[in-house]
Amino acid sequence: MSALKLPNGPQTHPWVQTYQWLTNPLEYLEDCAKRYGDIFTLQLGQNVPPQVFISNPQAIQQIFTTDPKYLDSGEPAGIKSPLLGRQSLLALEGKPHQRQRKLLTPPLHGERMLAYGDLIREITEQVINQWQVRETFAALPSMQAISFQVILKAVFGLEDGPRYEKLNELLIGILNPKIPILRTVLLLFPSLRQDLGAWSPWGKYLRLRQQIDQIIYAEIQERKAQPDSSRTDILSLMTAARDEAGEPMTDLELRDELMTLLVAGHETTATSLSWALYWIHHRPQVREKLLQELDNLGEKPDANAIFRLPYLNAVCSETLRLYPVATSALNRLVKSPLQIGGYNFEPGTLLNPSIYLTHHREDLYPQSKQFKPERFLERQFSPYEYLPFGGGNRRCIGMAFALFEMKLVLAKVLSHWEMELADSKPVQPVRKGLLFSPRGGVQMVVKGKRPQNQPILQTSSSSV
């Protein structure tokens, strides 16, 4: 398809566009939207077709509801990750994608999800009990520690021990590089991926991945050799799952899906929790409303009661709206001629639903830069106006689990500690690989425990 037929966009060199998107992404997207409207074209990365960024809800609805035979994501749409693998749910398309979604969805929803409530609260309590009164600390590392342990224990089913510690160490090394933007550049420019030894960025990455794989495959083999129907971790449930033909997942499929759940569920949830703590303490009236709602549940509320709280849900929703961890939903590749948003697109075109730009449309979210949870109490937004987890056949299957974890962690933290922000300076988002985190990790100070005459959430010993 000729670039001339694509929607308008910057006419600068693709490398200039890529540099601006890497170094100043949110402002660059907003500037493009102001200049070219809610559908525009960018040229990013190496040997990648132009991408059409879309923040028009009607056009996004067309994208999310078009039959995947004509418009789909996956590896053909450029969704490639050397860490997740080609059997990852993100990379698959068509029937293989449908099969994996059916196998992976049950453990992350309903009663199976609720059964992890006690575990999430226990892990949260262990981490926040390490905080020291009147000492400044960054919230993000603590939230990472919580989400990491939840993943390793709820998803992998690992208990504390040498294998747990080693996997924890390796995963932190590969998911939190010292120079995040360098990792992003390597992902965007495959020709730079040169293994020049253990000291080189790509060489170090490959060696970390190999060590992680050894541990994961060993865990898979043990789980298959010693099946235990009483285990409720997601790896055990995935190992026991069978498709419509009665076939289990292969070891490679299990490995790739485990890595996908880990990468998609760790940093994203930790970052969202950090943003939530920032906004809750940046606006004291929000904190007071939340505490009143939580205290009304009594001393030992069950996880499901917390999950259903309307104001807590509004706070989490607004957190995910204002600075969504991922700025875009997964690219879609046009497979047959399509008309979307008034444009005719030929096969081979990449369409990119922009989460960030959609969430900052003033016609949907007046004063979009302000944190106002009440928006989500005053009206219900469609899946094409509010899409922090993507949409259509590519909506994140871990959405319910992520929200469940966010709400339980926030409830435990707020009920346990009196805290405040270390300073009053506004916290800005900063690129961390392909995701966006609060700069400085949200510096906070613990003032003390909440007064004893107020209810404090306890970890329930009963099964949820």
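Guide: Let us start with Q367, which is found in the loop between α16 (355-359) and α17 (375-378). Helices (H or I, at least four residues) and strands (E, at least two) are DSSP runs, numbered from the N terminus. This is a predicted model, in which local features need pLDDT of at least 70, side-chain atom pairs count only at pLDDT 80 or more, and totals for chains, interfaces and linings use all residues. Residues are numbered from 1 along each chain as its sequence is written, and side-chain values use heavy atoms, with hydrogens and water left out.

Visitor: What is the phi of Q367?

Guide: Most residues other than glycine have a negative phi. Q367 has a positive value near 55°, and it is not a glycine.

Visitor: Which loop holds V442, and what is its phi?

Guide: V442 is found between β11 (435-438) and β12 (443-449). Its phi is positive too, about 65°, although V442 is not a glycine.

Visitor: Is V442 buried or exposed?

Guide: Relative accessible area decides: under 20% is buried, over 50% exposed, and in between partly exposed (1.4 Å probe, protein chains only). V442 has 1% relative accessibility, so it counts as buried. Q367 counts as partly exposed because its value is 43%.

Visitor: How do I read a sheet, and in what order do the five strands of the open sheet come?

Guide: Two strands pair if DSSP finds at least two bridges between them. Here the order is β1-β2-β8-β5-β3, with mixed pairing. The edge strands, β1 and β3 (71-72), each pair on one side only.

Visitor: How many bridges join β1 and β2?

Guide: There are four, and β1 pairs with β2 (residues 51-54) in the antiparallel sense. You can find one of the partners by looking at F40, which is bridged to F53 in β2. In β1 (residues 39-42), I39 and T41 point one way while F40 and L42 point the other way, and all are buried. Further along the sheet, β5 (residues 332-334) and β8 (residues 350-353) run antiparallel, joined by two bridges. There, L333 stands opposite L350.

Visitor: How many helices and strands does the protein chain have?

Guide: It has 18 helices and twelve strands. For 464 residues a compact globule would come near 23 Å, and the 22 Å of the protein chain agrees with that. The C-alpha trace spans about 70 × 55 × 45 Å along its principal axes, and 54% of the 464 residues count as buried.

Visitor: What share of contacts join residues at least 24 apart?

Guide: A contact means heavy atoms within 4.5 Å. Among those between residues at least 6 apart in sequence, the share is 74%.

Key
The radius of gyration is taken over C-alpha atoms; the globule rule is 2.2 Å times the number of residues to the power 0.38.
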